[in-house]
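This report concerns the sheet, the nonpolar cores and the side-chain pairs of one protein model.

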Amino acid sequence: MPVRVIFRCEHCGALPDPLTQEALEDQLQELLFGTYLDAAPGNWLIWHGNGLYGHNRYACGEHRGELKAALRESYGTIGPHPWAMGPHPARNLRRGRLEVRKRIGPGWKGGFGPTM
């Protein structure tokens, strides 16, 4: 049975355009914890909370700042993940490209791969 996932901005209820919808659907395949990802071309921001940081959250281009502020207020004392600075590139699985994610900073030992 076919299923269509509906994404809405957490702040204004806006729906993404068709290309951004496709990018958001691609991000559903990511298994992440406490990570922001961008969804182009609509400039949406996705928060992959999972576990301690709550559920996934979505914000349109106009409300990216509000999403980050809310997450930092709610989870900012738990760990460094909500304080990550952009840009937040993501893998583009359908187009076969791999966009490199930036690490949090030099010498960060967060356990997500080799340290710099």
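The sections below treat the sheet, then the cores, then the aromatic and charged pairs.

The model is predicted: local features need pLDDT of at least 70, side-chain atom pairs count only at pLDDT 80 or more, and totals for chains, interfaces and linings use all residues. Residues are numbered from 1 along each chain as its sequence is written, and side-chain values use heavy atoms, with hydrogens and water left out.

Three strands form an open sheet in the order 1-2-3, with antiparallel pairing. Strand 1 and strand 3 (57-59) are at the edges with a single partner strand each, so one side of each has no neighbour in the sheet. From one strand to the next, the twist averages 20°. Strand 2 (residues 44-48) and strand 3 run antiparallel and are joined by 3 bridges; W47 stands opposite R57 in strand 3. Strands are DSSP runs (E, at least two residues), as are helices (H or I, at least four), numbered from the N terminus; two strands pair if DSSP finds at least two bridges between them.

**Cores.** The largest nonpolar core comprises 9 residues: F7, C9, A23, L24, A39, W44, I46, Y58 and C60. Helix 1 (18-27) and strand 2 are the elements that give two or more residues to this core. A second, separate core of 8 residues includes L45, Y53, A59 and L71. Such a core is a set of buried Ala, Val, Leu, Ile, Met, Phe, Trp, Tyr and Cys residues joined through side-chain atoms within 4.5 Å, where buried means under 20% relative accessible area (1.4 Å probe, protein chains only).

**Aromatic pairs.** The structure holds 5 aromatic pairs, defined by ring centres within 6.5 Å (six-membered ring for Trp), with planes under 30 degrees apart counted as stacked, over 60 as edge-to-face and the rest as tilted. Two of the pairs are tabulated.

| Pair | Centre distance | Plane angle and class |
|---|---|---|
| F7 and Y58 | 5.0 Å | 65°, edge-to-face |
| Y53 and Y75 | 5.8 Å | 85°, edge-to-face |

F7, in the segment before helix 1, and Y58, in strand 3, are 51 residues apart, and both are buried. Y53, in the loop between strand 2 and strand 3, is 22 residues from Y75 in helix 2; Y53 and Y75 are also buried. F33, Y36, W47, Y53 and Y75 form one aromatic cluster.

**Salt bridge.** A search of the whole structure finds 1 salt bridge (a side-chain nitrogen of Lys or Arg within 4 Å of a carboxyl oxygen of Asp or Glu). D38 and R64 form a salt bridge, with the closest N and O atoms 2.7 Å apart. D38 lies in strand 1 (residues 35-39) and R64 in helix 2 (residues 64-75), so the pair ties together parts 26 residues apart in sequence. Both D38 and R64 are buried.

Definitions and conventions
Buried < 20%, exposed > 50% of the residue type's maximum accessible area, 1.4 Å probe, protein only. Axes fitted to C-alpha atoms, helices over the stretch in contact; angles between N-to-C directions.
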